[in-house]
Amino acid sequence: MKIQSFGAAKTVTGSCHIVQKNGVKVMIDCGLFQGKDEENKNSELGFNPAEIDYVILTHAHLDHCGRIPMLIKGGFKGKIYCTKPTFQLARLIMLDTAKIMLEDYKHNLKRRLRYNPKKIIKENLSNSNKSNSAHIKNETHQNKHHNIHNTHNTNESGKNESNTNTELLYNEIDVFESLDHFNPILAYNTPFVIDEKHNIAVEIQDAGHILGSSFIKLMFGDSSIIFSGDLGNKNKPIVNNFSYPDEADAVYIETTYGDRLHKSFDDSKTELFNIIETTFKNGGNVLIPSYAMERTQDILYILKGFYKNGKLPKCKIFLDSPLAINITDIFLRNPEYFREDELQLFQKDNPFEIPYLIETREVEESKEINKFTEGAIIIAGSGMLTGGRMLHHLKHNLWRKENSIIFIGYQARGTLGRRIVEGDKTIKVFGEHIDVNASVHTINGFSSHADQNELIEWLSALKNRAETKIYLIHGDEDKMTIFKEKITHLGFNAYIPSYAEDIELGN
Ligand SMILES: [Zn+2]
């Protein structure tokens with residue numbers, strides 16, 4: 001048996017692993033590379049999609065599902081197995097990504113046409129003659145982030161959540177064709193045979209990361225490998241804590257936060273409440289740049305909790321993101337995936353419905369929010385301020401000292417979010433200089449990823465620690481190295497695979 005990683009090998013994004021044996025190839029995840037240093041890797045898959053027989057998807061984050069349409073474009077004919085919510089969410093995420101990529105592409109083309117129209121027309125004609133006409137390079141691209149008023153970015157796993165590819169990797173039609181390959185029939189703790197002839201089966205369990213997320217045990221003949229996908233931090237709202245692995249010949253484990261511990265969820269909730277209360281007392285608004293998937297629902301759920309306890313001051317809560325609104329609807333359609341201990345509560349009551357909540361789908365509705373100068377909580381994308389409607393709210397709110405902005409997710413280097421967190425006193429939005437007079441807060445405890453202790457706790461459930469090979473993936477190399485040292489001391493046999501490196505396992 002051979003395993004190769006075509007993404008998330010010494011990097012955080014682009015999860016993609018191929019297991020092959022007896023001429024059959026099973027792929028686990030097919031995610032997009034994200035962030036300035038990684039996104040150029042998206043143009044080449046590194047393998048032939050037509051040779052892949054099956055794909056199994058751990059969850060719907062872009063860095064786990066975002067290259068699936070490229071598989072289909074490249075000739076993949078097989079089935080993609082996952083849970084029901086993973087399919088529903090991946091559908092929205094891939095369509096949103098195709099839309100953003102097209103907008104980026106159009107925006108860049110316009111810029112280039114202004115500078116060198118003859119060259120661009122010649123290039124486009126030559127590209128249209130090629131079979132794969134979607135690859136049109138943009139070398140002069142300066143500002144990759146289009147700032148149109150109705151764009152949204154979704155990823156929350158680490159680097160840069162905006163898809164800033166300089167090529168049109170795929171379009172909406174490619175996404176729709178991909179959807180035909182999905183077979184969302186996997187259920188937790190229920191083994192499923194995907195190939196009887198070659199004796200291949202999978203069993204998934206709850207990864208406790210986002211709605212419908214799973215870790216996968218792939219049983220291939222007499223060998224077995226567990227892929228952790230992304231593991232969630234414990235005791236967060238909505239989804240269950242992760243389940244534990246039993247035994248396998250090898251385990252591929254994510255290490256996003258292999259080097260650190262999170263602040264407790266309860267402390268973070270208190271912090272959030274205190275900022276809201278103080279800001280309202282000062283006569284201001286609270287801005288929360290947020291990822292559309294899971295984090296936004298977590299925040300709504302927490303606000304609902306404040307409301308039910310009678311603590312939340314009367315206010316207006318704007319959910320200003322059509323994507324986040326659609327994702328919230330998918331959550332409501334899948335209550336069986338919610339935390340077991342709160343399921344009954346959820347069944348009696350919509351966990352995201354607060355009388356103060358106003359969902360704004362239309363651009364005009366979004367603009368209306370500017371009229372409110374105090375007593376509003378505005379939740380909008382993008383989480384790192386690389387685009388999306390939040391940019392408009394910055395323009396109207398950041399210069400007022402009464403207001404607050406709360407960052408609840410990772411801010412990658414080079415993003416506007418990072419600059420504000422690092423204390424820049426003036427920023428540029430849509431060509432306009434805005435003073436940062438609002439108070440800036442970062443709350444670290446709302447992560448969707450397990451921290452170092454939780455990763456170790458999960459691994460420690462393995463029955464045959466000494467005989468199981470542990471492969472560290474989905475993390476920055478320095479963090480992986482720290483985690484590797486830590487678990488080696490605990491008796492694990494760990495290794496960090498490189499991109500496309502052949503990992504031989506058993507027979
Ligand atoms: Zn994830």
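# A walk through a predicted protein chain

With 11 C-beta neighbours inside 10 Å, threonine 426 counts as exposed, where a residue is called exposed if 12 or fewer other C-beta atoms, placed from the backbone, lie within 10 Å of its own, buried if 20 or more do, and partly exposed in between. The structure is a predicted model, in which local features need pLDDT of at least 70 and side-chain atom pairs count only at pLDDT 80 or more, while totals for chains, interfaces and linings use all residues. Residues are numbered from 1 along each chain as its sequence is written.

Threonine 426 belongs to strand 17 (residues 426-429); strands (E, at least two residues) and helices (H or I, at least four) are DSSP runs, numbered from the N terminus. Leaving aside neighbours within four places in sequence, threonine 426 is in contact with His433, Ile434, Asp435 and Val436, a contact being a pair of residues whose C-beta atoms, placed from the backbone, lie within 7 Å. Asparagine 437, which is 11 residues away in sequence from threonine 426, lies 8.8 Å from threonine 426 in space, C-alpha to C-alpha.

For the chain as a whole, the model has 14 helices and 22 strands, and 49% of the 507 residues count as buried. Among contacts between residues at least 6 apart in sequence, 77% join residues at least 24 apart. The average pLDDT, which is the predictor's confidence in each residue on a scale from 0 to 100, is 89 for the protein chain, and 89% of the residues score at least 70. Over residues 130-165, however, the pLDDT is below 50, although this stretch has 126 contacts in the model beyond near neighbours in sequence.

We turn next to the sheets. Strands of a sheet pair through backbone hydrogen bonds, either parallel or antiparallel, and two strands are taken as paired here if DSSP finds at least two bridges between them.

Another open sheet, of 7 strands and with mixed pairing, has the order 6-5-4-3-2-1-22. Strand 6 (182-183) and strand 22 (503-504) stand at its edges with a single partner strand each, so one side of each is left without a neighbour in the sheet. Strand 3 (residues 24-30) and strand 4 (residues 54-56) run parallel and are joined by 3 bridges, with tyrosine 54 in strand 4 as the bridge partner of valine 26.

Two helices complete the tour. The expected span of a helix is 1.5 Å times one less than its number of residues, and because the 14 residues of helix 7 should therefore span 20 Å, the distance of 20 Å between its end C-alpha atoms agrees. The buried residues of helix 7, including Ile299, Leu300 and Leu303, pack against strand 12, strand 13, helix 8 and strand 15. After helix 7 comes glycine 310, whose phi is positive, near 75°. The buried residues of helix 8, among them Leu323, Ile327 and Phe331, pack against helix 3 (84-115), helix 7 (295-308) and strand 13 (316-319).

Definitions and conventions: Contact = placed C-beta atoms within 7 Å.
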